[in-house]
Amino acid sequence: MAIGTRANSIAEMPDSVSTLTGKKVNNYFDGLTVCKKHKMIFMIIMVAYFFEQITNWNFGFIAPSLIKSWGLTMADIGRISFVYFMAMTFGGLLGGVISDSIGRRKTFLGSIFLFSVASILNGFANNVLTFTIFRALTGFGVFCLMVTSQAYFSEMAPAECRGKWQSLSAAVGFTAAPIIGGLCSLIIPLSPQAWRYILVLGGLGLVPFVVGLKYLQESPRWLVAEGKVDLAEKVVWEVSGIPVSLQNVPLPSGKKESLLGRITGMFSRKYLVRTLVLLAFVLLTTPATFVVTNWTTTLLNQRGLDVTESLRVSFILMIGVPVGLYISSFIADKGGRKIPMVILCALASVLAVMFGKVAGFWPISLIGFLLIAAIMAFAFISYSYIAESYPTSLRNTAVGIHNSVGRFATAAFQLVIPLIFAQYKFVGIYSIVAIMILVPAAILAIWGVRTGGKSLEEIS
């Protein structure tokens, strides 16, 4: 999309500059204090994350019970996971395209509604085919929301604390991981069909859906990209309480960019290197991440731990999810974003090798806890990093494509994991995970750009 330029960068203007209308000249929310209404938006995203993660993580815990209840094999679990991640691939891709077309707010809310209803229906499935279909719909909604929320959060938060608030929101929302782990360890052993209650819990995502209908605002950056500057100023005013002029921000040329134009824009000379770096990162780290987060319970069970013991280990490991995200909130905005990502990837790689070799309940629990904390920390910083790397006109389509590529690679990897386990056992799988995390970290260290602490317009 062709974009008009400003005579002077808004980022270089002092806060005291005002227009003749008395409005403060500012770059959206940059430089403004995070106020009560801002925090309300973040809170809705937190709660949406919570129930999204309930539905995302639950299958890893219930899979051993499904194997027993329905007489499934690891290959069957791999196929269900393959379909789920393929649905996530399309959810991410179409979610990005849809939200660039109809707005972040509508797509975000629609995604919550879809995965909540699909999760409830999943709990009532009576055969593998029906279960797989509803699981696929859940995956589509889950990742449609995740992709949309990344761009939405980046566009609504001030540049000075974008990474901090995104990681804090995720840290709260992702407490779903240990909570679902704890609930599974208590509920699943009660009866052969108790796993159904875990799936129905995902339907409580309808709560943030209803609240969001009233309190969520559309992204002012998306509104400006649509030429609705006055409405964008109104949103900034309603959220921050400060009358801001957006008359000097970059405006679209008048012709709305096509989907093909957005995709080719990602591979234009200006964005080619960062696009290739990010594609390499998601292609390798995403499937590696989901081996640790979604397969560990099943792999521990196949390694020799019984269902109850593997659930207990997994519960301890899941505590590392919000801990890792909380830690990342302190470092996400440092080092231009890419430095903490590289350090955390290197740490996760070392821990993955250790995790594959240790034995005993507490050594497995401790190393696994640290591994998941490091993985979640770099993964969620990367969400901000990807969203920041493109202009508003490309952002959510680019976020959707990158994340969909990662999910597609993850889907394909689901079919390979049982084969790797059969040939190389536990040690082999986590050694491969270590390599898949370390290689893209090296690429990022050499060719990645720095984005943290800068306005989105300055980055693009």
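Trainee: How are helix 15 and helix 16 oriented relative to each other, roughly parallel or roughly antiparallel?

Mentor: In this predicted model, the axes of helix 15 and helix 16 come within 9 Å and cross at roughly 150°. An angle over 145 degrees counts as roughly antiparallel. Helix 15 and helix 16 are therefore roughly antiparallel.

Trainee: What is the handedness of that crossing, and which residues make the contact?

Mentor: Helix 15 and helix 16 cross in a left-handed way. On the side of helix 15, the contact includes K338, P340, M341 and L344. On the side of helix 16, the residues include I364, I367, G368 and Y385. As for the handedness you asked about, the crossing is left-handed.

Trainee: How many nonpolar residues does the contact of helix 15 with helix 16 have?

Mentor: Sorted by class, this contact has one charged residue and two polar ones. The nonpolar residues number 20.

Trainee: Which loop holds R337, and is R337 buried or exposed?

Mentor: R337 sits in the loop between helix 14 and helix 15. Its phi is near 80°, a positive value in a residue other than glycine. The cut-off for buried is under 20% relative accessible area. With R337 at 0% relative accessibility, the answer is buried.

Trainee: What residue does R337 form a salt bridge with?

Mentor: Side chains of opposite charge can pair when their charged atoms come close. For R337, the closest N and O atoms of the pair are 2.3 Å apart. The partner lies in helix 16 (residues 361–388), so the pair ties together parts that are 51 residues apart in sequence.

Trainee: How many salt bridges are found in the whole structure?

Mentor: A search of the whole structure gives a total of five.

Trainee: How far apart in sequence are the parts tied together by R262 and D100?

Mentor: R262 lies in helix 11 (residues 259–266) and D100 in helix 2 (residues 74–102), so the parts tied together are apart in sequence by 162 residues.

Trainee: Are R262 and D100 buried or exposed?

Mentor: R262 has a relative accessible area of 7%. For D100 the value is 5%. Because buried means under 20%, R262 is buried and D100 is buried.

Trainee: Which residues are linked with R262 in a network of salt bridges?

Mentor: E155 and R104 form a salt bridge, with the closest N and O atoms 2.7 Å apart. This pair links distant parts of the chain, with E155 in helix 4 (residues 128–156) and R104 in helix 3 (residues 104–123). Both E155 and R104 are buried. The residues linked with R262 in the network are D100, R104 and E155.

Trainee: Which residues is V128 in contact with, leaving aside its neighbours within four places in sequence?

Mentor: V128 lies in helix 4 and counts as partly exposed at 30% relative accessibility. Between V128 and D76 there are 9.0 Å in space, C-alpha to C-alpha, although they are 52 residues apart in sequence. Leaving aside those neighbours, V128 is in contact with W70, L72 and I80.

Trainee: How do helix 12 and helix 17 pack, roughly parallel or roughly antiparallel?

Mentor: Two packed helices are described by the angle between their axes and the distance between the axes. Helix 12 (residues 272–294) and helix 17 (residues 392–447) pack at about 150°, with their axes 4 Å apart. That makes helix 12, relative to helix 17, roughly antiparallel.

Definitions and conventions. Residues numbered from 1 in each chain as written. Predicted model: local features only at pLDDT ≥ 70, side-chain atom pairs only at ≥ 80, totals over all residues. Heavy atoms only, no water. Salt bridge = Lys/Arg side-chain N within 4 Å of Asp/Glu carboxyl O. Helix = DSSP H or I, 4+ residues; strand = E, 2+ residues; numbered from the N terminus. Buried < 20%, exposed > 50% of the residue type's maximum accessible area, 1.4 Å probe, protein only. Contact = heavy atoms within 4.5 Å. Axes fitted to C-alpha atoms, helices over the stretch in contact; angles between N-to-C directions. Parallel < 35°, antiparallel > 145°, perpendicular 65-115°, else oblique. Left-handed = near helix turned anticlockwise from the far one by under 90°. Nonpolar A, V, L, I, M, F, W, Y, C, P; charged D, E, K, R; others polar.
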